[in-house]
Amino acid sequence: MVSDGVDLHGYTIIKEGEAEILMHSSNTVFYNKAQVNNRDMSIAVLRAFIKKRKEEHAGISNRKVKSNCYINEAIPPSCSTSEEANLVVFGEANIKANVTTNGIHEEQANENVDASDDISNKPDTILVKAHGEPNPPKVLEALAASGLRALRYAREVDGIGPVVAVDNDEASVKSCKRNIRFNGSIACSKVEAYHGDARVYMLTHQKEFDVVDLDPYGAPSVFLDSAVQSVADGGILMCTATDMAVLCGGNGEACYSKYGSYPLKGKYCHEMALRILLACIESHANRYKRHIVPILSVQMDFYVRVFVRIFTSASAIKNTPLKLSYVYQCVGCDSFHLQSVGRTVTKNKSVKFAPGFGPAVSQECSDCGKKFNMGGPIWAAPMHDQEWVLSVLTNVKAMKDRYPAYEKISAVLTSISEELHDVPLFLSLHSLCATLKCTSPSAVVFRSAVVNAGYRISGTHVNPLGLKTDATMDVIWDIMRCWIKIHPVKAQPRDQSGSAILSKEPFIQANFARAVSSLSKAQVKKVARFLPNPESHWGPKVRAGRKITSKHLSLLGPEALNGLDISKKGNTGIDAPTSYEEQEEEDDKSEPKRQKTGDESASCS
Ligand SMILES: C[S@@+](CC[C@H](N)C(=O)[O-])C[C@H]1O[C@@H](n2cnc3c(N)ncnc32)[C@H](O)[C@@H]1O
Ligand SMILES: [Zn+2]
């Protein structure tokens, strides 16, 4: 059978959103159905980005109309709030794209924006360019495989510009080209497929894309250096990492070598994974006088995905050490403490940058007397921008029918919208109780005690049982000491962390009376925040072209192995992984187990 000039013989048609792709049973090109959540979330961010760009562009146009009349509406030189800085730099990037493609000139334009005092000095031609609509955003899908994602962007996101799909695998590029033709005229006019190494492509297209999407097998680390250079000022880098075992502490030295940060095995490890990835992207961006502004950071299914904007500013990168922290994690109890990498010193109105004061903790944990592991550095500044989160969530709700993974992504975004964005990492009530060997207060009771003590507390999208709070560990343990006074526990051996903690009297008297803000708004309205997986084996898939063997049983399920003889170990590759790539695949598989609960069973959040 032939359709749109494409011979369909031997292919299955897979439809996701408004795109259709042709998949051959030979597994030569990568496709993972479970990544529909990832693709839907990215489409939602793209739609919010297009709206935001228009608003920012209108804002800069208004400014320029005024500055054209030589009303010098001074933009503060140090432009300290990110919103203000972003607005200005973004507008300049747009203008710059219209006037020059010369890298040196671009840099000067940005430096001027940093100095921020000479918008009115720019030639008239530039001012005129700022008026109409911004150019439709140009997107690079750097690791495209079948092109499904690129095709969905092109077909589903109104106002999107050209979408370039790159892959270094010939079969994938062939398949992508076939899929472009199969998806008709919009796809043909917008999506272009190239064969090549994404790193080379990005390096040779510096600051050219408003959106760069990285969706690799395993770690994205080798692509980051070129990716941060390929994003235009004010543009977005979207980046997935599926090597969760590495990022979550299963293989700390591998994490350090890939991301430059030590992971810790706390309950918060999935959030730490997001923060390690953000810190790593920032570090690459800083090399080129650039910095990131995270807008949304998501841990879903078996991976993390971050959405960050990238700006150029030689002065702003001095702030990076203030946004990074080391983490001290007690090996005995659940206490953790953050230590900032840098600090500022203000003298006579001038701000100087200095290394952070340390150590933030003594040699032994003040709660239980045990030692600390030190992890990081991690991104300790907010990893979401609430305005963006709400904008994405509003769009998703308004276009419900156009998101195949609506239930999942709206639940995740709802949870994120309720997180305390200025509190890195989180506690687990269950681990606190495990340390003390006590019965657990309900989440509402515990949250109430924290609120009544004068602190804030929220859930986290990363773990239905996690709690983010600005209360210090001293306060948390005091609340638990008070809880145990009314729910006594058996005496424990003296060397146990729990005994050391309970040997002290509480400093504060906890009040467990139900506090109004002890439940999240979504909980009150019974809006879902956590959903179970829709089907079994909802996880990473085998690399394209890889022979499927019995070692993939846990990954793909028995259906995928039907017809294979799995009894002959030597023939089926059951042995330990032999290559780095296979090890990566093992890392993906051995992702630390997470609670896959629905909202109902997430009684602790
Ligand atoms: C996980 S798949 C991408 C899936 C796709 N983004 C989607 O949503 O369906 C990763 C792809 O990256 C490609 N790839 C790996 N290294 C590459 C490189 N250096 N340059 C370009 N493509 C690469 C692989 O061939 C593979 O097709
Ligand atoms: Zn301790």
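**Entry 1: burial.** I call a residue buried if 20 or more other C-beta atoms, placed from the backbone, lie within 10 Å of its own. By that rule, 48% of the chain's 605 residues are buried. This is a predicted model, in which local features need pLDDT of at least 70 and side-chain atom pairs count only at pLDDT 80 or more, while totals for chains, interfaces and linings use all residues. Residues are numbered from 1 along each chain as its sequence is written, with chains lettered from A and ligands numbered from 1 in the order in which they are written.

**Entry 2: the fold.** I looked up the secondary structure and found 23 helices and 19 strands. These are DSSP runs: H or I of at least four residues for helices, E of at least two for strands.

**Entry 3: the core.** A nonpolar core is a set of buried Ala, Val, Leu, Ile, Met, Phe, Trp, Tyr and Cys residues joined through C-beta atoms within 7 Å. The largest one here has 146 residues. Helix α12 (residues 269-286) gives eleven of them, the largest share. I then checked L237, one of the residues with the most contacts inside this core. Contact means C-beta atoms, placed from the backbone, within 7 Å. Beyond its neighbours within four places in sequence, L237 touches V212, A227, V228, V231, I281, V308 and I310.

**Entry 4: ligand 1.** I counted a residue as near if its C-beta atom, placed from the backbone, lies within 6 Å of the ligand. That shell holds 22 residues, with L143, A145, N168, D169 and A198 coming nearest. Elements giving two or more residues are α5 (148-156), β6 (163-167) and α8 (198-203).

How values were computed:
A residue is buried if 20 or more other C-beta atoms lie within 10 Å of its own, exposed if 12 or fewer, and partly exposed in between; C-beta atoms are placed from the backbone. Two residues are in contact if their C-beta atoms, placed from the backbone, lie within 7 Å.
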